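Take a look at the structure first, then work through the exercises one step at a time.

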Amino acid sequence: ELSDERINQTLGSKSNREKLGLDETSTQEDQELALKWAALASYLPNDAESIEESFVRHVEYSLAQTRRNLTPYWSFKACALSVRDRLLERWKDTQTYFYEKDCKRVAYLSLEFLIGRSLQNSILNMQLEEPYRQAMYSLGQSLESTFDQERDAGLGNGGLGRLAACFMDSLATLDYPAWGYGLRYNYGMFHQKIKDGEQIELPDYWLYHGGPWEIERLDVVQPVQFYGSVKENRNSDGSVTHLWEGGEKVLAVAYDVPIPGYGTYNTLNIRLWSAAPSKEFDLGDFNKGDFYKSVEERQKAEAITHVLYPNDNTDKGKELRLKQQYFFVCATIADLIRRFKRKHSDFEEFPEKIAVQLNDTHPSLAIVELFRVLIDEEGYTFENAWRIVSKTFSYTNHTVLPEALEKWAISLMEVLLPRHLQIIYQINLVFLQSVEQKWPGDIDRIRDMSIIQEKPYRAVRMANLAIVMSHTVNGVAELHSQLLVENVFPYFKEFYPDRFQNKTNGITPRRWIHQANPGLSDLITRRLGSKNWLLDLGELFNLEQFVDDPTFQQEWMAIKRENKQRLADFIKRKHSITLNPDVLFDIQVKRIHEYKRQLMNILYLIYRYRNLKQMSEAEKEKTTPRVVFFGGKAAPGYYMAKKIIKLINNVAEVVNNDPATSEYLKVIFIANYNVSKAEVIIPASDISQHISTAGMEASGTSNMKFVLNGGIIIGTLDGANIEIREEAGEDNMFIFGALTKDVPRIREEISSGKFKPSTAFNQAIGMIETGLFGQPEQFSDLIGSVTNGSDFYLVSYDFDSYIAAQEKIDATYKDKQKWTRMSIYNSVRCAKFSSDRTIHQYAKEIWNVGPVRRPGPVAVPTDRIRESTGQCRGLVKPERQISFELPSPATPHGLRDPPTMKKDPANSVQIGFDL
């Protein structure tokens, strides 16, 4: 018989019986079946031979391919599926462990997760690069070529989504219990193509071949309602209840994407919602011959998650975007409540178990949705619901631009979300009564703080709603946070003096150094003696001792040159342009926007080209040759941004084909800039440009990626540039331009005509007007935006100081030793900009959560399994016995690197009891 003594001997402890679903009522058959299942579900081995078997199995059985017709893409798919198998066993155990511990968890809500490619990142975080490289090589495959087959996930657009992805990596690595929540877009924002110098938007169907990482959860489906009407019922006790009825219903289907931590078994996930119809198909319409109408409901539902940020230049576009946002938060709140109710019933405990972080205002309707559920479905009073909701949410603001603060027209919301508008009115009434009580008769203050905008049209101010109902509001850089409370929300700061914080953004060093720049990662590891810096970036400070070491400098610049050669090879393949990796590489890659001032950069290049044309050959020889790279997308409806792209490409066409100057200046626009291209571009930079108008960039994270890869910044004192200057030192950057405090005065001087642009600026504008770069009429609006008193973004005002900074760059680059020191200092002094630091601050100062590190799997000798399971003898074949080194949690403060699973003569298997 299977005695308690034998069970405990086999499973290690009685608690493991419970984890296998065994209790005092379990029969011997139950016990044997549970143990058999646990053995069959033992952790997969991670030695090269086992990975080979896994790869081939997926080629043959998952993909129905053979060795003879194995294309590079199918090779990627099989490799990804074998990695996913290993992710899933970690992820399932992690989720079960969090559930058992009943720990407080973070729900990070973001409409964007710009995760890029996942294969290489997952292998590196699980520390399986070598066995995978060996396995692929032995099968005639290149691991690096396999990485290149993956398509970037179309789940984001810019810095907001990349930040969210970095945060998920840090949350997993630091063992914080969390979920990410977002939308599963069928199409990314768009695939950018350049034709005749202009941006062309093509569909980015990134799911064309399916996503190997996602797990479709048909068991997790949430209904979402739109339109309809609200029925008011008065109860016998005088209370009023509301019933939202009628309208249109769709379904939100969950897809989970695992996110592994580095050096830990903890694996989190991003839950993405996909829209589906509540009724798939109308057979009646089909049989009548109305084939299109029979699938109309399906098409309307699926449109909700078709595209990231549908163009909202039309009323239909606005309606679809609001639908998208509510669909997202409705499904998410329902999912959080479902999880909460598995162990709890009193919603007063909800804020003690779940912290919801709003990444910008896009998910702020989640506040109202939780209100609605608590009042209408759970029977809580408005006052009690207010207390619960306000303890649950925190809000991250990402902009100081008034036009970027979301507002939704009342006329749209009262049709699409009638019950939510009622709740918003009630929240606003209670809030404004408290404002009136504190500042009686201050109409201007009340008008500014109201959640409802009255003029020029009635709308809901989503940022105001998020501030009123969140316990904490944070900016993303010191200057940004200061501007929020001084310029954007001063009344709110006065009303809620303790509500506002700063949390300077960060990036994950695992992806942006270790993965993107393996040469630099190896050098850092070799000099520091371990990879611990990947978990504590502060260790980079220990490299300062090598700043003046000639050998270290030589190694540092050799790596930089390798990265520049890699970028040059990429440009050769994509653009058929040959680049010299020994010239200065000058890079500006980011979303195209007037405030980011790509226009100033290209105007300077026109000015530089003009000067080169006037030089003798001897004078040209004395200049500093450079290649200038641009990259970024313009929003489909952003006319001026598209004109900037057109001007850049027209200038590049002229400059690159001029034999008199092409040796000294080249201009490249890299189309369809994304994460995987950034991993090639960023490590190659000598100079990176972060030149936004002072006071207009919230933070930026690309500047952090560039400096940590040894790139030197030319920039204004804006966003995180200020903090980078504090860390790296002003001598190691090239700073120029107006200060934030002076911008209003300068705008007045420009508009009044007191300020006169310089000769250099006028010369650059004049060259466009000659028609050298195409018909000047096509750029007339662009020129008009920076001339004749209309220069809102101070391009003309900052132009001369920008030229001076560029001249200083030219001179400094010639001093190779000085340049190398500056490059090293930028990297080793900027450890502050790790997303690990940011997440620790969020966890401690906003979310009130701590790390929950789950145990690794337990090694169980197979002879015990055979002996204990009776008829299950032979379950594990002796020649295939494997083992996993015993668990990392035994030394929670020691080495975090998970050991490699390998063949083991000790005859044991790895059972994940947490299943």
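**Exercise 1.** At roughly what angle do the axes of helix H13 and helix H15 cross?

*Solution.* Keep in mind that this is a predicted model.
- Step 1: find helix H13 at residues 315–341 and helix H15 at residues 365–377; their axes come within 9 Å and cross at roughly 50°.
- Step 2: angles under 35 degrees count as roughly parallel and those from 65 to 115 as roughly perpendicular, so H13 is oblique to H15.
- Step 3: look at the sense of the crossing, which is right-handed for H13 and H15.
- Step 4: list the partners. Residues including Leu322, Tyr326 and Ile337 in H13 meet residues of H15, among them Leu365, Glu369 and Arg372. By class, this contact of H13 with H15 has 10 nonpolar, no polar and 2 charged residues.

**Exercise 2.** Are H26 and H28 roughly parallel or roughly antiparallel to each other?

*Solution.* 
- Step 1: the axes of H26 (residues 598–613) and H28 (residues 639–656) cross at roughly 20° and come within 10 Å.
- Step 2: angles under 35 degrees count as roughly parallel, and therefore H26 and H28 are roughly parallel.
- Step 3: their crossing is left-handed.
- Step 4: the contact includes Gln598 and Ile602 of H26 and Ile644 and Val651 of H28. Its classes are 10 nonpolar, 1 polar and no charged residues.

**Exercise 3.** Which residues of helix H32 are buried?

*Solution.* 
- Step 1: within residues 743–752, the buried ones are Val743, Ile746 and Ile750.
- Step 2: they cover an arc of only 60° around the axis, so they lie on the same side of H32.
- Step 3: their cover includes helix H35 (795–814).

Definitions and conventions. Residues numbered from 1 in each chain as written. Predicted model: local features only at pLDDT ≥ 70, side-chain atom pairs only at ≥ 80, totals over all residues. Heavy atoms only, no water. Axes fitted to C-alpha atoms, helices over the stretch in contact; angles between N-to-C directions. Helix = DSSP H or I, 4+ residues; strand = E, 2+ residues; numbered from the N terminus. Parallel < 35°, antiparallel > 145°, perpendicular 65-115°, else oblique. Left-handed = near helix turned anticlockwise from the far one by under 90°. Contact = heavy atoms within 4.5 Å. Nonpolar A, V, L, I, M, F, W, Y, C, P; charged D, E, K, R; others polar. Buried < 20%, exposed > 50% of the residue type's maximum accessible area, 1.4 Å probe, protein only. Arc of directions from axis to C-beta.
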